[in-house]
Amino acid sequence: MPTSKQYGTAGPANEAIGGVPTIHYLDFTSRGRGQVIRLMWEDAGIAYTDIRYSFEEYPEHKKTTIAEKNPTTNVPVVEINGRILTQSYAILRHFARLLGKYDGETEEEKYWADAMCDVAVDWRTQFVNAFFNPNKEETYPKHQQNERVHFLKALETHLTSHELSLQGPYVVGKTFTYSDMVLYQVLHDENLTQDGMKELQEYPRLKQLAEAVESRPNVKAFRESDRYLG
């Protein structure tokens with residue numbers, strides 16, 4: 001059976017988004033695209049219900065519960081006040097607009113946040129293809145040596161050359177956006193934020209961004225709580 005847990009107390013941020021959302025996602029510890037949504041909700045102080053499906057039971061629920069909510073049968077799926085929201089990055093941008101933050105202020109800031117998110121999405125696609133491949137023992141090490149290094153170098157270059165990112169520590173300088181969470185999560189899922197971030201020593205600007213995300217008060221409290229599963 002899926003697990004269902006409620007976290008937080010509804011407050012102003014819940015009023016801003018129209019209620020207490022429910023997220024349907026895999027029981028994938030604190031990893032994956034669904035975790036980025038949780039990160040935003042935690043940072044914003046949003047109370048939510050977290051429904052998790054084990055990998056063993058998910059195929060059956062995918063054909064029933066999830067298919068009824070999303071024709072593509074993909075997760076995460078978010079429910080709020082009778083509405084069903086799909087596509088994780090559209091969900092992030094939707095809540096950012098409702099909250100009036102996490103999306104940048106000027107058109108240039110919004111563009112740059114979107115652009116860096118798209119780079120991270122491209123990276124995640126390569127990561128998932130290698131990590132969940134039946135021949136993972138062969139494909140993932142190759143990914144670590146090739147595609148992962150390519151994206152790390154590309155992102156480091158972007159963050160050390162764009163005028164907004166140069167104002168640091170975030171993608172849009174001192175403004176925290178959804179793209180920072182997206183970037184952080186793929187770094188985390190590739191095991192680059194663990195062990196003192198030693199794997200990011202060659203990428204100091206990315207390390208600065210990851211440290212800045214982890215240092216945010218609500219994110220720090222989340223990561224130190226039993227809600228955070230590693």
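Author: Two strands count as paired if DSSP finds at least two bridges between them. The model discussed here is predicted.

Reader: How many bridges join β2 to β3, and do they run parallel or antiparallel?

Author: The pairing criterion asks for at least two bridges. β2 and β3 are joined by 5 bridges. One place to look is H24, which stands opposite I51 in β3. The count is 5 bridges, and the direction is parallel.

Reader: Which way do β1 and β3 run, parallel or antiparallel?

Author: β3 is also joined to β1, by 5 bridges. In this pairing K5 stands opposite D50 in β3. The direction of β1 and β3 is antiparallel.

Reader: How many residues of β3 are buried?

Author: In a regular strand the side chains alternate between the two faces of the sheet. On one side of β3 are Y48, D50 and R52, and on the other are T49, I51 and Y53; they are all buried. β3 is therefore largely enclosed by the rest of the structure, the number of buried residues being 6 of the 6.

Reader: Is A47 buried or exposed?

Author: A47 lies in the loop between α2 and β3. Buried means a relative accessible area under 20%. The value for A47 is 4%, so A47 is buried.

Reader: Which residues have the most contacts inside the largest nonpolar core?

Author: In soluble globular proteins, nonpolar side chains tend to be buried together. The largest nonpolar core here has 70 residues, and α5 gives the most to this core, with 10 residues. F95 touches I17, M40, W41, V78, I80 and L85, not counting residues up to four places away in sequence. The residues with the most contacts inside the core are F95 and W123.

Reader: Which element gives the largest share of the lining of the largest pocket?

Author: The largest pocket holds about 350 Å³ of space. Elements that give two or more residues to its lining are β2, α3 and α5. The largest share is 6 residues, and the element that gives it is α5.

Reader: Which residues lie nearest the centre of the largest pocket?

Author: The lining of the largest pocket divides into 11 nonpolar, 5 polar and 3 charged residues. There are 19 lining residues, and those nearest the centre are Y25, L26, R33, V75 and V128.

Reader: How many residues lining the second largest pocket are charged?

Author: The second largest pocket holds about 150 Å³ of space. T3, K5, Y7, D27, D50, R52, D226, R227 and L229 line this pocket. β1 gives the largest share of that lining, 3 residues. The lining has 2 nonpolar residues and 1 polar, and the number of charged residues is 6.

Reader: What is the omega of the peptide bond from V75 to P76?

Author: Most residues other than glycine have a negative phi, and most peptide bonds are trans. P76 is in the loop between α3 and β4. The bond from V75 to P76 is cis, with omega near 10 degrees.

Reader: And what is omega for the bond that joins G168 and P169?

Author: P169 is in the loop between α7 and α8. The peptide bond between G168 and P169 is cis, and its omega is about 5 degrees.

Reader: Is T73 buried or exposed?

Author: T73 is in the loop between α3 and β4. This residue has a positive phi of about 65 degrees although it is not a glycine. Its relative accessible area is 17%, so T73 is buried.

Reader: What is the relative accessibility of T29?

Author: T29 lies in the loop between β2 and α2. Its phi is positive, about 45 degrees, although T29 is not a glycine. T29 counts as partly exposed, with a relative accessibility of 31%.

Conventions: Residues are numbered from 1 along each chain as its sequence is written. This is a predicted model: local features need pLDDT of at least 70, side-chain atom pairs count only at pLDDT 80 or more; totals for chains, interfaces and linings use all residues. Side-chain values use heavy atoms; hydrogens and water are left out. On a 1 Å grid over the protein atoms alone, a cavity is a set of points where a 1.4 Å probe fits but cannot get out, and a pocket is an open set with protein on both sides within 12 Å along at least five of seven lines; lining residues have an atom within 4 Å of a point. Grid points are joined across faces, edges and corners, and a volume is the space filled by probe spheres set on the points. Helices (H or I, at least four residues) and strands (E, at least two) are DSSP runs, numbered from the N terminus. Ala, Val, Leu, Ile, Met, Phe, Trp, Tyr, Cys and Pro count as nonpolar, Asp, Glu, Lys and Arg as charged, and the others, Gly among them, as polar. A nonpolar core is a set of buried Ala, Val, Leu, Ile, Met, Phe, Trp, Tyr and Cys residues joined through side-chain atoms within 4.5 Å. Buried means under 20% relative accessible area, exposed over 50%, partly exposed in between (1.4 Å probe, protein chains only). Contact means heavy atoms within 4.5 Å.
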